[in-house]
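Subject: Structure handover

Hello,

I am passing a structure on to you. Please open it and keep it beside this email as you read.

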Amino acid sequence: MSLSILKTSFTSKFCSSDHKPNNVVKNVALKKRIQQSSWYAKTRSRGNYICCATEYANDGNATTFSHTNYDNFPYLWVDLGRMYDIKRIEIINRSESYGQRLHDLDITVGPTLKELSLCVHYKGPGKTNEHLVFHCNKQMSGRYVKLTIKGKEYLQLSEVMVFAPEISE
Ligand SMILES: [Ca+2]
């Protein structure tokens, strides 16, 4: 009796550890590890909005935004934690002002930070609080998604979302 219970639980555990994508497409960048080229400031209130920590770019809250310094080629990357088949990437530009600072943006994707390929380029300039939807020029898989402005600028993002089929644990 106890042996058959053990077998049953082993079988179900084995099946559930089979990592396969399902058809549920979700934002796999939400609250994942994130880094940007620099911090303009840690936390600063801007009216109804909150600036500037890196993790504000993927906290699921459009009223908080990340903000780099005035860098050469400012960037921000998200580590999705594993490889995903990327369906689309969405960006919500800074919410209360200075949306035009988003321009000449390369969105790159790859398995590591040293093996990134161009998904799509956005010429811009963006508009404040604009919600942008990007599809890569070809089907791409990756663990890292990196956004880089090709020039000297501030990079400031309310939200970066990466949509991919969820992978069951
Ligand atoms: Ca946010």
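First, the ground rules. This is a predicted model: local features need a pLDDT of at least 70, side-chain atom pairs count only at pLDDT 80 or more, and totals for chains, interfaces and linings use all residues. Residues are numbered from 1 along each chain as its sequence is written.

**Confidence**

pLDDT is the predictor's confidence in each residue, from 0 to 100. The chain averages 90. A score of at least 70 is reached by 89% of the residues. Residues 1–16 are another matter: their pLDDT is below 50. Beyond near neighbours in sequence, that stretch has 0 contacts in the model. Two residues are in contact if their C-beta atoms, placed from the backbone, lie within 7 Å. Where pLDDT is low, the predicted coordinates should not be read in detail.

**Overall make-up**

The chain has 1 helix and 14 strands. These are DSSP runs, numbered from the N terminus: helices (H or I) have at least four residues, strands (E) at least two. Of the 169 residues, 28% count as buried. Buried means 20 or more other C-beta atoms within 10 Å of the residue's own; exposed means 12 or fewer; partly exposed is in between; C-beta atoms are placed from the backbone. Take the contacts with a separation of 6 or more: 72% of them join residues 24 or more positions apart.

**The sheet**

Four strands form an open sheet in the order E1-E14-E8-E11, with antiparallel pairing. Two strands pair if DSSP finds at least two bridges between them. The edges are E1 (21–27) and E11, each pairing on one side only. From one strand to the next, the twist averages 15°. For such angles, axes are lines fitted to C-alpha atoms (for helices, over the stretch in contact), and values run from 0 to 180 degrees between N-to-C directions. E8 and E11 are joined by 4 bridges in the antiparallel sense. Ile92 has His131 in E11 as its bridge partner.

Ala62 lies in the loop between E4 and E5 (64–66). Val160 is 98 residues from Ala62 along the chain, yet their C-alpha atoms are separated by 9.8 Å. Ala62 counts as partly exposed, with 14 C-beta neighbours inside 10 Å.

Most residues other than glycine have a negative phi, and most peptide bonds are trans.

- The bond from Cys51 to Cys52 is cis, with omega near 20°. Cys52 is in strand E4 (residues 49–52).
- Gly124 and Pro125 are joined by a cis peptide bond, with omega about -5°. Pro125 sits in the loop between E10 (117–122) and E11 (131–134).
- Asn129 is in the loop between E10 and E11 too. Its phi is positive, near 65°. Asn129 is partly exposed, with 16 C-beta neighbours inside 10 Å.
- Asp104 has a positive phi of about 45°. Its loop runs between E8 (88–93) and E9 (105–110). Asp104 is partly exposed, with 15 other C-beta atoms within 10 Å.

Best wishes
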